[in-house]
Amino acid sequence: MAEADYDYVIVGGGSAGCVLAARLTESPDARVLLLEAGGNDRHPLIHMPVGFARMTAGPHTWGFTTVPQIHADSREIPYAQARVIGGGSSINAEVFTRGNPVDYDRWVRHEGCDGWSFGEIQKYFIRSEGNTILSGDWHGTEGGLGVSNIPDPQPMTRAFIQSCQEFGMPYNPDFNGANQAGCGVYQTTTRNYRRCSAAVGFLRPVMGRPNLTVETCCRAERILFEGVRATGVRYSGNGQKTVRAANEVIVTSGAIGTPKLMMLSGVGPAAHLEEHGIDVVQDLPGVGGNLHDHFGIDIVAELTGHYSLDRYKRWHWAALAGIQYLAFRSGPITSNVVEGGAFWFADNDSGNFAVPDLQFHFLAGAGAEAGVPSVPPGSSGITLNSYTLRPEARGSVRLRSSNPDDPPLIDPNFLGDPGDLRTSVEGVRISREIFSQPSLGRYIKKVHFPDASVRTQEDYEAYARRYGRTSYHPTGTCRMGTDELSVVDPWCRVRGLDGIRICDSSIMPRLVGSNTNAPTIMIAEKASDMIRGNR
C-alpha cells in the first residue's frame, strides 16, 4: 500500500465534521483532511441571526424534495439540507436545545447503545458549549459553540410567552436544565450578536494548524475499499481526485448525504445496490432505513398592525434596521425570528406530566420559511409551529441511480403512524388556543391558517396533512445499535468493515425530543474521544 495522504479523511463539513476536524488536529501528528461539497460561509446573511429567514432555500441548500407523502396529501415537500461549510448550523434557526435526558437513556435501554446514556454524554454537551449566561451542572461556558440570550425579544414573542402562561404552561428560563416543560425565550447559537455555526465556533479558530486541510466545493463520489477496509475517498471538484487515509475515513455527511454516499460506495442493502449496478462491498440492510423527522405544522395569524418583524419587509424599515445593526449591533437583525418556544403535553388534562411530547416554535413573522403560508400582502403576521417530538413513523433514503449527481429518493413517511397524527393534531389545537389568549389575542386581526372552517377532528387531520412540513431534523438512517439492522456499533464503527466510522445525526437510533444541532455536535465530541482512545 502506498503512503497515505492523510491519517483521517472527514467527508462532510457540517456540524459534526467541523467539530471532528478541530478535535482530531489537537494532536499535531494527526494529518486531517476535511471535504465539504458546499462552498464557504462568506455570505453576510449566514452570520446575521435574522438571516435564517432567507436560508431555507437557495444556493446554500441542496434543493431536495421528498417523494410524494402518501399520508400528507401525496405532496412532494421541500426538504432543506445545507450545502455550505458548517452545514445545518450555518443556515438553521439557531435554536439551542439538547433534548430530554430520557431520549439518551432510551438509546441504551432499547437500542443497546452502551455508553450513550445522558449521564455519560452530558460532559460532551458541556464541553462543546460556550454559554454567555448560564453555567453550573447543566451548562458549559468555555466550549466552541457560542450560546447566548436574544438581546431584545420582539413584542410579539413576549406576548406569545404570556399567552402560553395564560393557557396554563409555566414559564421556563432554561429548556436545557433539569426540567424541559414550559414556555420561554429560546437561547440561540449566537455570540456577539452573530451566528455561531460549527464552522465559526470550532473550525475557524484552528484553520492555521499545519496538520489540517479543508477543501470546499468538492463532492465525495465514493469511499474506496481494499477488501473490507476503507482506504480513501474519490471526490470531484476541480477535476476528479483520490485521497488515501492511513487510519480512518470518517463520514459526517448527515442523515441524507451519509446513506447516499455509503450506498454509492457499495455499503447498504445488497438488492438495492445490485438494482443500480453497484458492486456490493458489505450487505448492510439498515443503511438508508429508519429515517424519521419532526413533522412541523404551522398556524398563521394576521395582526391588526405592523407589530412583528414583517414590517422590515419594507425597504425603508429594512435600511434602518441594517444601519442600527452595523452601528450598534442591536435591533431586529439580532433576532433569529424563531425567538419563543415551548415544550408541552398533547394530553394536558391527564396529569401525566413526565416527558413533553410536543414542541412549539414561535416566529415573530409570517411566511419566513420556504413553503410556509403567509398573510395578505402589506400586512404583518405571526406563526406558531408545533410537532410531535418522538414520531413512530419511519421512512427511508434510497438511491435514484448510481450517478452521484442525482438526488436521492427521500421518504420520511410523514404521519405514517396513527399516533403521530393524533399527537400532531393536538399540537395544532393547542397552538390555536394559545393564539386565543388575551396577550396575543388583542393583536390578532384574523387567523388565516387554519381558518374558521376547521372544527372537527377530521378537519384538523386534513389540515395537518395539507400544511405539515419538515422541521429540518432528519436522523437515524445509519443507526447505531447491536442488532442486524444497525449500521454502526456504539463506537461509531461501521459493522463488518474496518477503517471507517459514521459520526453524525444519521447514527441516532431514535430522534431526540428537540432540535438536533446540539446533539449532533455532542455525537462528534464523543466520537473524537473514541477515535483518539480517550473514552
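Which residue lies over the face of Y467? R466 does, at 5.2 Å from the ring centre. A charge is taken to sit over a ring if NZ of Lys or CZ of Arg is within 6 Å of the ring centre and within 35 degrees of the ring normal. The charged end of R329 also sits over a ring, that of Y325, 4.7 Å from its centre.

This is a predicted model, in which local features need pLDDT of at least 70 and side-chain atom pairs count only at pLDDT 80 or more, while totals for chains, interfaces and linings use all residues. Residues are numbered from 1 along each chain as its sequence is written, and side-chain values use heavy atoms, with hydrogens and water left out.

The aromatic contacts come next. A pair of aromatic rings is described by the distance of the centres and the angle of the planes. Rings of Phe, Tyr and Trp (its six-membered ring) pair if their centres lie within 6.5 Å; planes under 30 degrees apart count as stacked, over 60 as edge-to-face and the rest as tilted. The whole structure holds 16 aromatic pairs. One of them joins Y104 and F118, a tilted pair with 6.1 Å centre to centre and 35° between the planes. Y104 belongs to helix α3 (residues 101-111) and F118 to helix α4 (residues 118-128), so this pair ties together parts that are 14 residues apart in sequence. Helices here are DSSP runs (H or I, at least four residues), numbered from the N terminus. Both Y104 and F118 are buried, that is, under 20% relative accessible area with a 1.4 Å probe and protein chains only. The rings of F118 and F125 have centres 6.4 Å apart and planes at 35°, so they too form a tilted pair; both of these residues are buried. Y104, W107, W116, F118, F125 and W138 form one aromatic cluster.

On a 1 Å grid over the protein atoms alone, a cavity is a set of points where a 1.4 Å probe fits but cannot get out, and a pocket is an open set with protein on both sides within 12 Å along at least five of seven lines; lining residues have an atom within 4 Å of a point. Grid points are joined across faces, edges and corners, and a volume is the space filled by probe spheres set on the points. The second largest pocket has a volume of about 580 Å³. Its lining comprises 22 residues, with V50, A53, R54, Y312 and K313 nearest its centre. Helix α9 (residues 315-328) gives the most to this lining, with five residues.

Notes. Helix = DSSP H or I, 4+ residues; strand = E, 2+ residues; numbered from the N terminus. Buried < 20%, exposed > 50% of the residue type's maximum accessible area, 1.4 Å probe, protein only.
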